[in-house]
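Hello,

Here is the structure for you to look over. My notes follow below it.

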Amino acid sequence: MKTNRNYPTNSQQLQRLLILYWALGSFAISAVVALMSIIPLYNQLKKQEERNLQFAVHTRTMTVEQFLSRAKDIAEQITSRTKGRQQLEQYNQGRIGMSEVAAFGTQLLTDAMKRTEDIAGITRLDGAGAVVARVGLPIPTELLLVPPIASFEALVSHPIELQSESYLVVGAPIINPTSLQRVGTDILLFKITGLQRIITDYTGLGETGETIIGAVNNNEVQLFFPLRNQVRASASMLGAIEKTVASGEAQLVKVSTGSEETAIVATEPIKNSNWAVAIEIDRRELYAPVNRQLVIVGMAIVFMILLGTGGVVLLLRPLADRAIVHMDELEEKNQEKIQEVTNLLAEKTVALEELKQAQTQLVQNDKMAALGQLIAGVAHEINNPTSFIYGNIDPATEYADDLIELIKLYAQHYPQPHPEIESAAARMDLEFLLADFPKLLASMKVGADRIKEIVQSLRNFSRLDEAEMKQVDVHEGIDSTLMILESRLKEKPDRPRIEIIKEYSKLPLVPCYPGQLNQVFMNILVNAIDAIDELNHQELSQPSKILISTSLGESDRVAIKIKDNGPGIPEIVQNSLFEPFFTTKPVGKGTGLGLSISYQIIVDRHGGQLRCVSSPDAGTEFVIEIPQGS
Ligand SMILES: Nc1ncnc2c1ncn2[C@@H]1O[C@H](COP(=O)(O)OP(=O)(O)OP(=O)(O)O)[C@@H](O)[C@H]1O
Ligand SMILES: [Mg+2]
């Protein structure tokens, strides 16, 4: 059984792959989710920055509005002083003189100037617009801002420059509250260093932020103060101010050159005026905090994802380990089962093969046994009558010799026989008869001898019933087999007689099953004859022959070699020779069992060897070796 540390490399690879895919998967999913949530966050943060910008414009606008209303308030406070107004009314009506109204006016204006530092000078005009009193910095005549006669409101001019200082001119009408008549006008010169301080306060606007305040007159924008970084205000900034004044509403304009957004402009109008405040800032600078925040958030998310993925990997490892160990065990069990089944199948196949062989052998044995019995029966039946003939031939020859001798004696002693005897002797050609009769008997004896030999061979061959091992003369077995095959050796119309050449050595008796051994000789010899029959004999110069040689070989083995000069066996066929049912002969002619049974008999039953030596066109030799001491 394998341990955790010891499972096969492919399992380790599998585990690594599993964890890798899992980690990559969870990383990808987390990354997508993070990206999906970071984009709205990014937009939100950008909006926030834009709102901040608008708020910065708004606070400046409010301060400017406060400044303006304070200037107007101060002016109104001065104009609303009753004593001064009455003096002016009396002067307008000619009831008091110029010196009187001037003295009082100067006194009043000086007091007013003392009360606030923002005023640089005041000029008082009478109802006809002529100067009656003047304190502080004198205001040039062309800058004296007189509100229209119907207007009760103070008027504020654009910033002007006097002795290289910037001022606002506020023209406040002096009104009689009961008659609502214009009595005169006070023109105040307001220092705008305070306003400029407010506008040019760049805190929170980074390095590129520009704040301006301007007024629109006849479609032209007039800026009040110089810019911080730029010499001229950008066209988009001026456009934004124009639009703001025209619409009276705050604007947020995104400026772009080409396809790239470069700057953001926020504007807001100043109430009751043609003025507007604008802030322009470089886009990158405006959004820099957003980007910084995003980088931090992104890093945090990546860190979290990595942490999460790491956690997943850590969690998954032991699980994958266990799963893989389990898988390995399963696979091992599977392998064992497969092995078992394979073994079983192999056993079954072997058993089937053995069964088949046993069956074929039984059939063959049966056939041989039947043949043996038949032969044994025939031999027995022929043996009896042949014995009569054979047993009587010798006495018959003796009797014939005696009778011939007697006839010869008669002829010698009675040279003149009776004419009847003489004619009978002539008729039967006695002289020839006497000469031929012994020859005839002798040839009969030869015939009887032959019959006896055949019967003996038949009996030899049919020793199938002898199931036990016997000490056998191998040559006798070969000879009796040849005897049975005699008819197949004979001359045929398409070929001469097959010549059998025997080269027998002196052999001891060999322990074996004689019937089975004869069966082997029979199979091999029949194959040899079949092979020779196959040849086209007209073209052959050599006569067909089978050489049978015996010898006592190594380790006292008896070797029997049966060699024919037939067509030989091709090499591919040689490998299958001893397989059951292998045959090259036409259907019905060969069963393909001859050699397989012979092999079994020699190798399995006798512990010997059977092999074939053959090359095409050089004939075939089968070598049988039987141990002598088995
Ligand atoms: N002496 C030989 N010369 C050439 N071929 C041979 C010789 N002996 C055997 N063979 C080849 O070996 C094959 C197998 O022989 P085997 O005796 O086993 O079967 P078979 O002769 O075909 O059939 P069966 O003997 O059962 O009638 C033969 O078909 C033949 O091709
Ligand atoms: Mg055969």
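**What I found**

Of the protein's 630 residues, 25% count as buried. Please keep in mind that this is a predicted model.

Overall shape first. The radius of gyration is 73 Å, whereas a compact globule of 630 residues would come in near 25 Å. Along the principal axes, the C-alpha atoms fill a box of roughly 240 × 55 × 40 Å. The secondary structure amounts to 12 helices and 18 strands.

Next, the domains. The domain assignment gives two entries: domain 1 covers 48-284, and domain 2 covers 467-630. Their C-alpha centres are 141 Å apart.

Glutamine 181 and isoleucine 501 are 320 residues apart along the chain, and 172 Å separates their C-alpha atoms. Glutamine 181 sits in the loop between strand 5 (165-175) and strand 6 (182-191).

Now helix 9. Helix 9 runs over residues 474-489, which makes 16 residues. From first C-alpha to last, helix 9 reaches 21 Å, close to the 22 Å expected at 1.5 Å a residue. Where does helix 9 bend? The bend is at methionine 483, and comes to about 40°. The buried residues of helix 9 are Val474, Gly477, Ile478, Asp479, Ser480, Thr481 and Ile484. In an α-helix there are 3.6 residues a turn, so residues three or four places apart point the same way. Val474, Gly477 and Ile478 are among the buried residues to check with that in mind.

Last, the ligand. There are 21 residues around ligand 1. Which of them come nearest? Those are Ala531, Thr583, Gly590, Gly594 and Leu595. Two elements give two or more residues to this shell: helix 10 (514-534) and helix 12 (594-605). Helix 10 gives the most, with four residues. By type, the shell around ligand 1 divides into eight nonpolar residues, 11 polar and two charged.

Best wishes

Conventions:
Residues are numbered from 1 along each chain as its sequence is written. Chains are lettered from A and ligands numbered from 1 in the order in which they are written. This is a predicted model: local features need pLDDT of at least 70, side-chain atom pairs count only at pLDDT 80 or more; totals for chains, interfaces and linings use all residues. A residue is near a molecule or strand if its C-beta atom, placed from the backbone, lies within 6 Å of it. Ala, Val, Leu, Ile, Met, Phe, Trp, Tyr, Cys and Pro count as nonpolar, Asp, Glu, Lys and Arg as charged, and the others, Gly among them, as polar. The expected span of a helix is 1.5 Å times one less than its number of residues. The bend at a residue is the angle between axes fitted to the seven residues ending there and the seven starting there. A residue is buried if 20 or more other C-beta atoms lie within 10 Å of its own, exposed if 12 or fewer, and partly exposed in between; C-beta atoms are placed from the backbone. Domain bounds come from an automatic or database domain assignment. The radius of gyration is taken over C-alpha atoms; the globule rule is 2.2 Å times the number of residues to the power 0.38.
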